[in-house]
Amino acid sequence: MIINNIKFNHLILPAVFVFTLTACEKDEEDDIKPVVNEVSTPATYSFDRNGASSISYSGQTERLNQLDELKAKLLIADGGSQVQAADLLAMFANTGGNGNGNFSFTSTKQLEDKTFGPDVAYFQDYINKTATASIDGANNVVASNGTAGLLTRSNNNTILVDENGMEFTQAIEKGLMGATFFYQMANVYTTADKIGADVNNTEMVNGQNYTTLEHHFDEAFGYFGAPVDFRANYNGSEPVRFWAKYANSLEANSRLSDPLMNAFKKGRQAIVENRRDVLNEQVIIINQQLERLIAACSIHYVNKSLSISNTGDRLHYLSELYAFTRALRFAHPSFRKYNITEVDNLISTNIGTNLWDVTPQGLNTLKNELSNTYNFNSVKDAL
Amino acid sequence: MKKYSSLIYLCIALAFVSCTDDEKDSLGDNFDQSAMLTNLAQNVFLPNYEALEEEVITLQADWNTFKSSKVASDFTKMSEQFKTAYTTYQSINYLDLGPAANVALRNNFNTFPTDTTQINSNIQSENYNINTLSSYPQKGFPALDYLFFSTSPNQLINKLNDANFVAYIDALINDMVLSAATVYNDWNTNYAATFSQKTGSDIGSSLGMLTNTWNQHYERNFRDGKIGIPVGIRSLGLPLPEKTEAYFSGISSDLVIKNLEEMEKMYLGVGNDGINRSSFDDYLLSAEAAELDNRIKNQFLVAKTALNKIKSGRLSDQIVNNQSEVEAAYFELQKLILLIKVELPSRLGILITYQDNDGD
């Protein structure tokens, strides 16, 4: 008995000490305690098979490129020149493989058929309105409440807005970030249909170096717009685009870049190791954090809208606010905090349809609501 | 046994202490940031916000007297109170954070030049909403400046017979009273404590936010808004006198000088009671940047001297008749920016973030 007690007491101090130290360690991903069969998170989104890359998301990259070029065309309208609806619609649908000559490259992919179906008409409508308003823009019509036209920003650039103050470029570009890119990530490529238990992860897709499951997950990643070494190991060569770009610019207060990248990398590694349980965990993280990213963008634009004095700047920010908040509609039903009706209500109650009539009270209510739901209270004023 | 027990507890305690997050005071210096933030909140910001609320309430009372008495002496009294309130506003206009940011106080109180066409249209049509963000150019001090001072006192007294005219001014002043009261109450009941507790120098800290909002105001609303744009810095040298703050009442110079003085007081930590306590200058001294502190204090003085040179008469006239002196004042204001936007943040480990593009 005495011998046992002495042994036990000699063990207490080091045991307690070790326990305390490990209990204090920061929650940094997987390297806390060595667990058998833990899936590690690679440093970059790079995966090989037989000495060649097994990654493929060129279709997604082409669509990101298409949205870049569509936006460039919209900026021409912002600058006060006329644009044609036919050109913009052809770019949206990638008519003839090169947007009927409006794209600088050829692709078999398009934005339109990957856009949330019920919203295709919404975007075609905005495209048509852009073209119509661009005639007013070319005639130097100044926009006001009820009148579409140009507004001058504080940097002396102009933007083209509709009669409700909505900047066409933001409604379309940020709108498609939500209705196409985010929609595909949340409601296609991270759903059972594409990465579920019955999706093949054994045979190579015909003529390719990847399985179906690997490819589908790559396609989700491709819509995020991040370089393969984003963010912790980013060497600056690949462009940071669209959603990844916003994660990057809001990083200081939202800290979403690495959680998202790590979830993508770990999820892809889990597929390599055929660990569907780990894959599903990462899918939860990806969807939750993408929704938080959208909320962070909205809160950011509330802050900018409230503090800016220049009218053109303000409507530009309010347009972004509107489009980003609207993107919450496309969240994964299993994880989303608001369904489509609730998102539409958030917008109609706090922003409304006419950006000229937005109130500080409405913006603050929206900001506080999103901040509470998505846990940004400690940083909401700085976002 | 006993020795072992105390040793165990000591080790546990040490292990926990060594593990706590050191989010505060990442500079690792000896400066008591909490004291600085508390001083600014309690002795500079709160009393100034309280004063603003009081002065706007008094303005409302003086307007009520004048609108019913319709005598010139009551107009004089009210116009003096207008000047007092507008001047008091200059003591907090750079604080676009917390409660003031929530109600967009600066935009609501002082968007200029005011949209005189829209104001007249509002009054005539009786169809307006001054609660929207886009109504900023139709309200606040600049709108009152136009409505009170664009005509002679006698002409103004005649307008008092127009019920729409009176109702519009009622609405504008009431809106200002509500905003000023909301901001003061929020600061008084909880934000002063929140502000004082967010130590550190990261982006979300009080120091980070204060440095950014101060610089942004100094650059855009003070240097450019009050002097630069009117004197023609953005219009290839063509002066735009009608873009001057307080264009109609002509008190522009008083306002710009007062704003500079109040920002200097904030920098020094001088409270409403006139006592100099902890603020940026002390922080710089603690960071062994006494030389920078001296240069900042000196440039405040040089800038004030330059503004005093163009003080006589109306600033809108000086801009046209004495353009080179006004430009000279602009350049002295510009020199201070280099110190407070680049050197000061660098010494204190603060990031200036308001210049970031919006990821467009």
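Setting aside residues up to four places away in sequence, A:Leu293 touches A:Trp243, A:Tyr246, A:Ala247, A:Ser254 and A:Leu256, with contact taken as C-beta atoms, placed from the backbone, within 7 Å. This is a predicted model, in which local features need pLDDT of at least 70 and side-chain atom pairs count only at pLDDT 80 or more, while totals for chains, interfaces and linings use all residues. Residues are numbered from 1 along each chain as its sequence is written, and chains are lettered from A and ligands numbered from 1 in the order in which they are written.

A:Leu293 also turns up in the largest nonpolar core, which has 188 residues. Such a core is a set of buried Ala, Val, Leu, Ile, Met, Phe, Trp, Tyr and Cys residues joined through C-beta atoms within 7 Å. The members that touch the most others are A:Phe182, A:Met185, A:Trp243, A:Leu293, A:Ala296 and B:Phe45. Buried here means 20 or more other C-beta atoms within 10 Å of the residue's own, exposed means 12 or fewer, and partly exposed is in between, with C-beta atoms placed from the backbone. By that count, 46% of the 383 residues of chain A are buried.

Chain A has 14 helices and 4 strands, taken as DSSP runs (H or I, at least four residues, for helices; E, at least two, for strands) numbered from the N terminus. One of the helices, α2(A), covers residues 58-78. Its 21 residues should span 30 Å at 1.5 Å a residue, and the end C-alpha atoms are 30 Å apart, so the two agree; the expected span is 1.5 Å times one less than the number of residues. Buried residues in α2(A) include A:Gln60, A:Arg63, A:Leu64 and A:Leu70. The buried residues pack against several elements of chain A, among them α3 (85-93), α4 (120-138) and β4 (158-161). Just after the helix, A:Gly80 takes a positive phi of about 95°.

Helix α5(A) is another partner: its axis and that of α2(A) come within 9 Å and cross at roughly 170°. Axes are lines fitted to C-alpha atoms, for helices over the stretch in contact, with angles from 0 to 180 degrees between N-to-C directions. The two helices are therefore roughly antiparallel, the label for angles over 145 degrees. On the α2(A) side, the residues involved include A:Leu67, A:Lys71 and A:Leu74, which meet A:Phe168, A:Thr169, A:Ile172, A:Glu173 and A:Leu176 in α5(A).

How values were computed: Two residues are in contact if their C-beta atoms, placed from the backbone, lie within 7 Å. Angles under 35 degrees count as roughly parallel, over 145 as roughly antiparallel, 65 to 115 as roughly perpendicular and the rest as oblique.
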